[in-house]
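Hi,

Here is the structure I promised to pass on. Have a look at it first, and my notes follow below.

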Amino acid sequence: MIYLIKLIFILLIFVNLSAAENLGSEVIFKLNNKFFTNVDLENRTKYISLINKLDASKFNESEKKEIQDDYISSLIFYEYYIKNKIFYRDFENEINTIFLRSIKDVSEINDVEIKNLKFNISIDLIRKKIIEKDLNSKKNSLLEKPSKLDLIYNYNTQYIIINDSLSNLQLVKNINN
């Protein structure tokens, strides 16, 4: 009986500890039934600050919002990558190369942070590769010379018709000038 009481007591302690850890995280957004919390966003912010050699504490609210939008965008491309089962050759080597080039002192970073940094590198790399592939597929149409009809600045207007209800004498004088 004493062992049962000790076991229940230990289980209660673990439940309280895990509840205390989860108390600090809140769901920010959901994508394909996957929840992303403020902890994920903090990891993304650390990644952005490490890669760009910035101080994460000096980000203002608009920059934090921009980081969140960038994170959502990267995750959308990542979900597209997973859904369509896209495969890139030497993808892990490319991630490791970027990681080692960007992070100078790996010994100061623990394994969980390394995993988070590599995940963020991979979602950015996936986004880059998907966009490059799409642009390269439309390369011919992008490099094609536009016809004269496509150039909007090549038109000269001789008449402007203004509805009476919108007409303003001063506006018409300004247009004439």
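**Notes on the model**

Leaving aside residues up to four places away in sequence, Q68 touches I28, F29 and L41, where contact means heavy atoms within 4.5 Å. Q68 sits in helix α3, which covers residues 61–83. With a relative accessibility of 18%, Q68 counts as buried; the cut-offs are under 20% relative accessible area for buried, over 50% for exposed and partly exposed in between, with a 1.4 Å probe and protein chains only.

Some housekeeping before the rest. This is a predicted model, so local features need pLDDT of at least 70 and side-chain atom pairs count only at pLDDT 80 or more, while totals for chains, interfaces and linings use all residues. Residues are numbered from 1 along each chain as its sequence is written, and side-chain values use heavy atoms, with hydrogens and water left out.

**Overall layout**

The protein chain has 7 helices and 2 strands. These are DSSP runs numbered from the N terminus, with helices being H or I of at least four residues and strands E of at least two. Along the sequence the pattern reads α-β-β-α-α-α-α-α-α. Of the 177 residues in the chain, 24% count as buried. If you take contacts between residues at least 6 apart in sequence, 58% of them join residues at least 24 apart.

**How α2 packs**

Start with α2 and α3: they pack at an angle of about 100°, with their axes 10 Å apart. The axes are lines fitted to C-alpha atoms, for helices over the stretch in contact, and angles run from 0 to 180 degrees between N-to-C directions. The two helices are therefore roughly perpendicular to each other; on this scale, angles under 35 degrees are roughly parallel, over 145 roughly antiparallel, 65 to 115 roughly perpendicular and the rest oblique. On the α2 side the contact is made by D40, L41, R44, T45 and I48, and on the α3 side by I67, Q68, D70, Y71 and S74. By class, that contact has 4 nonpolar, 3 polar and 3 charged residues. Here Ala, Val, Leu, Ile, Met, Phe, Trp, Tyr, Cys and Pro count as nonpolar, Asp, Glu, Lys and Arg as charged, and the others, Gly among them, as polar.

Now α2 and α5. The axes of α2 (residues 38–52) and α5 (residues 111–137) come within 10 Å and cross at roughly 80°. That makes α2 roughly perpendicular to α5. From α2, N43, R44, K46, Y47 and L50 meet E113, N116, L117, N120, I121, I123, D124 and R127 of α5. The contact of α2 with α5 has 5 nonpolar, 3 polar and 5 charged residues.

**The largest pocket**

What volume does the largest pocket have? About 170 Å³, where volume is the space filled by probe spheres set on grid points that are joined across faces, edges and corners. A pocket is an open set of points on a 1 Å grid over the protein atoms alone, where a 1.4 Å probe fits and protein lies on both sides within 12 Å along at least five of seven lines; lining residues have an atom within 4 Å of a point. The lining consists of N43, K46, L50, I109, N110, V112, E113, N116 and L117. Both α2 and α5 supply at least two residues of that lining, and α5 gives the most, with 4 residues. By class, the lining divides into 4 nonpolar, 3 polar and 2 charged.

L31 lies in strand β1 and is buried, at 17% relative accessible area. Not counting residues up to four places away in sequence, L31 touches F36, L75, I76 and E79. L31 and I72 are 41 residues apart in sequence, yet their C-alpha atoms are 8.6 Å apart.

Most residues other than glycine have a negative phi. N33, in the loop between β1 (27–31) and β2 (34–37), has a positive phi near 60°. N33 is exposed, with 63% relative accessible area. For D90, phi is near 55°, again positive in a residue other than glycine. D90 is in the loop between α3 and α4 (91–102) and is exposed, at 51%.

Cheers
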